[in-house]
Amino acid sequence: MKNMVSRLQPTPHRVMPVCCCMILALLLVACGGGTTSTPTPAPTPQLSPTPSPTPTPSLTLYTGKGYSISYPQGWKVTPNSHGVFFIDATNVYSLGIGVNSNLDGIISANTFANDSISGTKKAMKNPQTETMPPTTTVGGESWVQKSITGTGPSNGQSVDVQVVVLSDNHPAKSANTQNFTIIYATAKSLFATATTSYFQPMLNSFKFT
């Protein structure tokens, strides 16, 4: 299981917002399959100006390992061996998906989610658990849902960020079971409108294949 962590290496960026760094670190933990391995350090984040989300944009289909999802046109797509990252042109809104083999669903979806939340606390100051429904439906299945807020450094200042972690084992118990972890994040002040404009349309488009 520990070797899974090393397979998902973050794509290097010289300038990256705090929410993108957190998603990279969280997916590293999620792909560790419940281990306590330390995520690869991310570069010092720098938050770009935070524009208000625009109305829901046109979506482009992306097909991953056992799933498909649509993302807003103009967003950057960075796939690797265990996941994919979707980041908008302003580097403010980010969503990542990690997929890992999980024979017979031996590691619960809740464990993957808890490990991801624990990982992000290390990248935040004053982390606080956000109250959200414990589950949500994505792709016709019930996913574990957890959220956390906190502050991270950006150009010497503190930036308030909110991160949501979703986790599901699909199929629930079989030799082909895989854990799917979706993590999305943005500045806390933009979270509600970003969820409506970007994240929820992406989640609504998610399908298992």
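These questions and answers cover the backbone and the aromatic rings of a predicted model. Residues are numbered from 1 along each chain as its sequence is written, and side-chain values use heavy atoms, leaving out hydrogens and water. Local features need pLDDT of at least 70, side-chain atom pairs count only at pLDDT 80 or more, and totals for chains, interfaces and linings use all residues.

Me: Is the peptide bond from histidine 170 to proline 171 cis or trans?
Reply: Most peptide bonds are trans. Here, omega is near -15 degrees. The bond from histidine 170 to proline 171 is cis.

Me: Where is proline 171 found?
Reply: Helices (H or I, at least four residues) and strands (E, at least two) are DSSP runs, numbered from the N terminus. Strand 9 covers 157-170 and strand 10 covers 178-187. Proline 171 is found in the loop between strand 9 and strand 10.

Me: Is aspartate 104 buried, partly exposed or exposed?
Reply: Aspartate 104 lies in the loop between strand 5 (94-101) and helix 3 (109-121). Buried means under 20% relative accessible area, exposed over 50%, and partly exposed in between (1.4 Å probe, protein chains only). Aspartate 104 has 41% relative accessibility, so it counts as partly exposed.

Me: What is phi of asparagine 126?
Reply: Most residues other than glycine have a negative phi. Asparagine 126 is found in strand 6 (residues 125-129), and it is exposed at 60% relative accessibility. Its phi is positive, near 55 degrees.

Me: How many aromatic pairs does the structure hold?
Reply: Rings of Phe, Tyr and Trp (its six-membered ring) pair if their centres lie within 6.5 Å. Planes under 30 degrees apart count as stacked, over 60 as edge-to-face and the rest as tilted. The number of aromatic pairs in the structure is 14.

Me: Is the pair of phenylalanine 180 and phenylalanine 208 stacked or edge-to-face?
Reply: The centres are 5.1 Å apart, with 80 degrees between the planes. Phenylalanine 180 lies in strand 10 and phenylalanine 208 in strand 11 (residues 207-208), so the pair ties together parts that are 28 residues apart in sequence. Phenylalanine 180 is buried at 1% relative accessibility, and phenylalanine 208 is buried at 17%. The pair is edge-to-face.

Me: Is the pair of tyrosine 184 and phenylalanine 191 stacked or edge-to-face?
Reply: Tyrosine 184 is buried at 3% relative accessibility, and phenylalanine 191 is buried at 11%. Their ring centres are 6.2 Å apart and their planes are at 5 degrees, so the pair is stacked.
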